[in-house]
Amino acid sequence: MTGEYEPSPRKWVREQVKRYEATNGREANTLPGTSRPVVIFTTRGHKSGKIRKFALMRVEQDGEYAMVGSVGGAAKHPKWYRNLKADPEALMVQDGADRFDATARELHGEEREIWWQRAVEAYPTYAKYQEKTKRQIPILLAERRP
């Protein structure tokens, strides 16, 4: 993905992404303060067109990755969710040294429930986040493009 990169306004996110990318995920590869692994996702802002990067919990099965839009149980979906709904192919995934282009699709029904259970297994706090909000936390699946 090409374009102007606009780092996160949150210092800890900027620093984590920078260290993760610079070390191919050998450093800054967990949620700060935990041993839970993360993956770096790159999207394009649907209004600005700028490149955005952020870490989400690593929820992987057979080379596909769940992107859980929890925002800690906030009332609104994350910005990356709106970006990917606008352009589902503007997505790159980095899991350690493995980087690949992906397409995002939102999960519903039984498929969503299967991935929700995987997400809660990877990061049990997701269940508490769902209790905090009235919205259903969305799950998008990042599928590797050939």
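Modeller: Let's start with a tryptophan: Trp80 has 9% relative accessibility and therefore counts as buried (under 20% relative accessible area, with a 1.4 Å probe and protein chains only). This is a predicted model, where local features need pLDDT of at least 70, side-chain atom pairs count only at pLDDT 80 or more, and totals for chains, interfaces and linings use all residues. Residues are numbered from 1 along each chain as its sequence is written, and side-chain values use heavy atoms, leaving out hydrogens and water.

Colleague: And Phe54, buried or exposed?

Modeller: Phe54 is buried, at 11% relative accessibility.

Colleague: How many aromatic pairs are there?

Modeller: The structure has 7 aromatic pairs, counted when ring centres of Phe, Tyr or Trp (its six-membered ring) lie within 6.5 Å. Phe54 and Trp80 make a stacked one (planes under 30 degrees apart), with 5.8 Å centre to centre and 15° between the planes.

Colleague: Where do those two sit in the chain?

Modeller: Phe54 is in strand β2 and Trp80 in helix α2, 26 residues apart. Helices (H or I, at least four residues) and strands (E, at least two) are DSSP runs, numbered from the N terminus.

Colleague: Different topic. Which charged end sits over the ring of Tyr5?

Modeller: That of Lys53, 4.8 Å from the ring centre. The test is NZ of Lys or CZ of Arg within 6 Å of the ring centre and within 35 degrees of the ring normal. Arg118 lies over the face of Trp115, at 4.6 Å from the ring centre.

Colleague: Which rings are linked into a cluster?

Modeller: Trp116, Tyr123, Tyr126 and Tyr129, through ring pairs.

Conventions
Rings of Phe, Tyr and Trp (its six-membered ring) pair if their centres lie within 6.5 Å; planes under 30 degrees apart count as stacked, over 60 as edge-to-face and the rest as tilted. Buried means under 20% relative accessible area, exposed over 50%, partly exposed in between (1.4 Å probe, protein chains only).
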